[in-house]
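Welcome, and take a moment to look over the structure shown here. The briefing below walks through it topic by topic.

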Amino acid sequence: MSLEIKEKERAGIVNPIYNCQPCGAEFASIGLKDCIPLVHGGQGCSMFVRLLFAQHFKENFEMASSSIHEHAAVFGGKKNAEEGVQVLVDRYPDLRIIPIVTTCSTETIGDDIEGIAEIMNRKLKKSHPDRKVTLIPVHTPSYSGSHVQGYNVAVKAFVNALAKKGEPNGKLNVITGWLNPGDVAEIKHILKEMDVKGNILIDTETFMTPIMPDKSRFAYGNTTVEDIEDSANSLGTIALCKYEGGAAAQLLETKFKVPAVIEDIPVGIKNTDKFLKNISKLTGKPIPQSLVEERGLAIDTMVNLAHMFFANKKVAIYGDPDLVIGLAQFCLECELEPVLLLLGDDNKAYQKDQRLTQIEENANCDIEVIWNSDLWELERRLKDKSIEVDLIMGHSKGRFMAIDYKIPMVRVGFPTFDRSGLWRQPVIGYKGAMLLADMIANTMFADMENKHDREWILNTW
């Protein structure tokens, strides 16, 4: 069977899959404790991203904007950025990190972000001599790349600015990438079962925020300045997502000799097996029986569904590259056929990604991979009937296609705002594999009932 990788042929974008680079940097920033990113650009560059986060997580997050206007195109936005930093430090006494996140406008203008940070560091030493606030320039021009690249750039910038060599800490760095809080909780569960001390970069589990009687809780990131500083002293680093955090793992290896593992996102059985083996290799800890049993439960779930319901069902998948590739590998494990994979930004590295080569070797179907893509690539194929799919997997922005063409859809990735609580449910690990298989099956079952398509099978299986 063949796998073809090609770039979208059209110049325009119709219904984009991805968000812009600053969005990724902002997501990485809100995952840090005592951190408020200053988005250096127009107000919309923070306002609309905050809206996306609120839609997905059903929580509010603190983000700031330098709020530049037309005059900055001529005179520059330096004054706005400096005032923004000063206001944040004056207003928030616990603030310790301010990433200065650039946008398309300020990158085009050519504002000297490093110079602004240096000037403000000197001013803050005078105005707040008893405090240490770290300003971190993060360059994310939104006319190239996507939120995937923005996240990658931001985490690398944090590590480069804060990591310090000291005494070995016996911990394992895990760079999560753009995963949901439920996935981060699952990573912590796996580490706990293996008796491994984890240093989670970036820890978003605390986005799952309870409403307390005293109203004291709010959504916040849980990776501290000390966690990033100490990342240089760990046993090793595992980046769960190659394109979202891989650069930081490579930096730690190059700069501080911390071994880096950048492989498959642990979606499905085989990839989770790899993840556990890598943890064991880096830490010397054995894989416990409890995780072996979880693996067995996941396999049992998949076996119950694969032959009768999943076999030869064709799937279209879109979203973040690491997640799309992981989901495609999972589909092959379940006898589903991932015939179309859509990757939404202009990263040419996708053409040489060895994971796609492995998918081709294991595939039982022809697969088309489109990079620099948009959702019209799927809709056009559905409209002219050049492709027929039984299932769509991706974030909520593809929901109208699923409705219009009456194709069942599994919501996965970011953003998912038209179904409740998905950000609490993992897709990684053995538990994630089990939940994902159940979600796919139940979506198919509901579609069978709605269309009266062999729904009698559900009475007998």
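Predicted model: local features only at pLDDT ≥ 70, side-chain atom pairs only at ≥ 80, totals over all residues.

Residues are numbered from 1 along each chain as its sequence is written, and side-chain values use heavy atoms, with hydrogens and water left out. Helices (H or I, at least four residues) and strands (E, at least two) are DSSP runs, numbered from the N terminus.

**Helices and their surroundings**

- Two packed helices are described by the angle between their axes and the distance between the axes.
- The axes of helix α11 (residues 269-283) and helix α12 (residues 289-310) come within 11 Å and cross at roughly 170°. That makes α11 roughly antiparallel to α12, a label for angles over 145 degrees, while under 35 counts as roughly parallel, 65 to 115 as roughly perpendicular and the rest as oblique.
- The axes are lines fitted to C-alpha atoms, for helices over the stretch in contact, and the angles run from 0 to 180 degrees between N-to-C directions.
- On the α11 side, Ile-269, Asp-273 and Leu-276 meet Leu-291, Arg-295, Ala-298, Ile-299 and Met-302 of α12; contact here means heavy atoms within 4.5 Å.
- Helix α10 (residues 246-256) has buried residues that include Ala-248, Leu-251, Leu-252 and Phe-256. Buried means under 20% relative accessible area, exposed over 50%, and partly exposed in between (1.4 Å probe, protein chains only).
- The cover over the buried residues of α10 includes α7 (147-162), β6 (172-175), β8 (236-239) and β9 (260-262).
- After α10 comes Lys-257, with a positive phi near 60°.

**Salt bridges**

- How many salt bridges does the structure hold? There are 24, each being a side-chain nitrogen of Lys or Arg within 4 Å of a carboxyl oxygen of Asp or Glu.
- One of them joins the side chains of Lys-6 and Glu-368, at 3.0 Å from N to O. Lys-6 lies in strand β1 (residues 3-7) and Glu-368 in strand β12 (residues 367-371), so this pair ties together parts that are 362 residues apart in sequence.
- Lys-6 is partly exposed, at 26% relative accessibility, whereas Glu-368 is buried, at 18%.
- Lys-314 and Glu-337 form another salt bridge, and their closest N and O atoms are 3.3 Å apart. Because Lys-314 is in strand β10 (residues 314-319) and Glu-337 in strand β11 (residues 337-343), the pair ties together parts 23 residues apart in sequence.
- Here Lys-314 is partly exposed, with a relative accessible area of 31%, and Glu-337 counts as buried at 6%.
- Asp-418 and Arg-411 also form a salt bridge, with the closest N and O atoms 2.7 Å apart. Both Asp-418 and Arg-411 are buried.
- Salt bridges that share partners link Lys-6, Arg-10, Glu-368, Asp-374, Glu-377 and Arg-381 into one network.

**A nonpolar surface patch**

- Met-47, Phe-48 and Leu-51 make up a nonpolar patch on the surface, and together they have about 310 Å² of accessible area.
- Patches are made of residues with over 30% relative accessible area and no salt bridge; like charges are joined within 9 Å and nonpolar side chains (Val, Leu, Ile, Met, Phe, Trp, Tyr) within 5 Å. Accessible areas come from the Shrake-Rupley method with a 1.4 Å probe, and for residues only the protein chains shown count as cover.
- Met-47 belongs to helix α2 (residues 44-57) and is partly exposed, at 46% relative accessibility.

**Single residues to look up**

- Thr-134 sits in strand β5 (residues 134-138) and is buried, with a relative accessible area of 18%. Beyond residues up to four places away in sequence, Thr-134 touches Arg-96, Ile-97, Ile-98 and Leu-162.
- Met-63 is in the loop between α2 and β3 (64-65). Is Met-63 buried or exposed? Met-63 is buried, with a relative accessible area of 11%.
- Asp-203 is found in the loop between β7 (198-201) and α9 (225-230), and its relative accessible area of 5% makes it buried.
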